[in-house]
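Dear colleague,

Here is the structure I promised to pass on to you. Please keep it open while you read the notes that follow.

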Amino acid sequence: MTSVLLKRSKQGVLLGCNAEGHAGYAGRGYDIVCSAVSVLLRTAMQVVQALPGIQLDSDVSRRGSLSFAVNTSQLDKKNLAELIFAGDFLQTGLGSVAKEYPEYLELTTVTIEI
């Protein structure tokens with residue numbers, strides 16, 4: 001099972017994410033759940049990383065593990081709006097996969113004060 005912990009602020013700002021494990025839906029290279037989770041997380045992480053004025057600390061050094069954290073020290077209104085959208089995107093996409101494949105993906109969302 002893959003476990004994803006999505007971290008957002010009270011206002012919905014994406015603050016970070018930790019993902020661990022392999023879904024186990026199918027063998028390596030054929031696991032549609034793992035592929036969907038990977039594409040959603042990696043794309044969101046890369047888009048956020050490319051936004052001007054946003055610093056992202058990430059770790060994808062191990063197979064079956066991905067984590068990132070947004071440095072919130074210098075966010076402006078535009079950054080906040082973009083990070084709220086990124087959080088909505090991830091929560092919606094991952095939530096959809098978790099709803100369809102609950103035995104292979106566990107999604108937890110926590111609210112953190114910034």
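Helices (H or I, at least four residues) and strands (E, at least two) are taken as DSSP runs and numbered from the N terminus. This is a predicted model, in which local features need pLDDT of at least 70 and side-chain atom pairs count only at pLDDT 80 or more, while totals for chains, interfaces and linings use all residues. Residues are numbered from 1 along each chain as its sequence is written, and side-chain values use heavy atoms, with hydrogens and water left out.

A search of the whole structure finds three salt bridges, each being a side-chain nitrogen of Lys or Arg within 4 Å of a carboxyl oxygen of Asp or Glu. In helix α2, glutamate 82 and lysine 78 lie four residues apart, about one turn of the helix, and their side chains meet at 3.7 Å, N to O. Lysine 78 is exposed, at 56% relative accessible area, whereas glutamate 82 is partly exposed at 22%; here buried means under 20%, exposed over 50% and partly exposed in between (1.4 Å probe, protein chains only).

Arginine 8 bridges to aspartate 88, with the closest N and O atoms 2.7 Å apart. This pair links distant parts of the chain, 80 residues apart, since arginine 8 is in strand β1 (residues 2-8) and aspartate 88 in helix α2 (residues 77-100). Arginine 8 is buried at 7%, while aspartate 88 is partly exposed at 38%.

Arginine 62 forms a salt bridge with glutamate 20, the closest N and O atoms being 3.1 Å apart. Arginine 62 sits in the loop between β3 and β4 and glutamate 20 in strand β2, so the pair ties together parts 42 residues apart in sequence.

Best wishes
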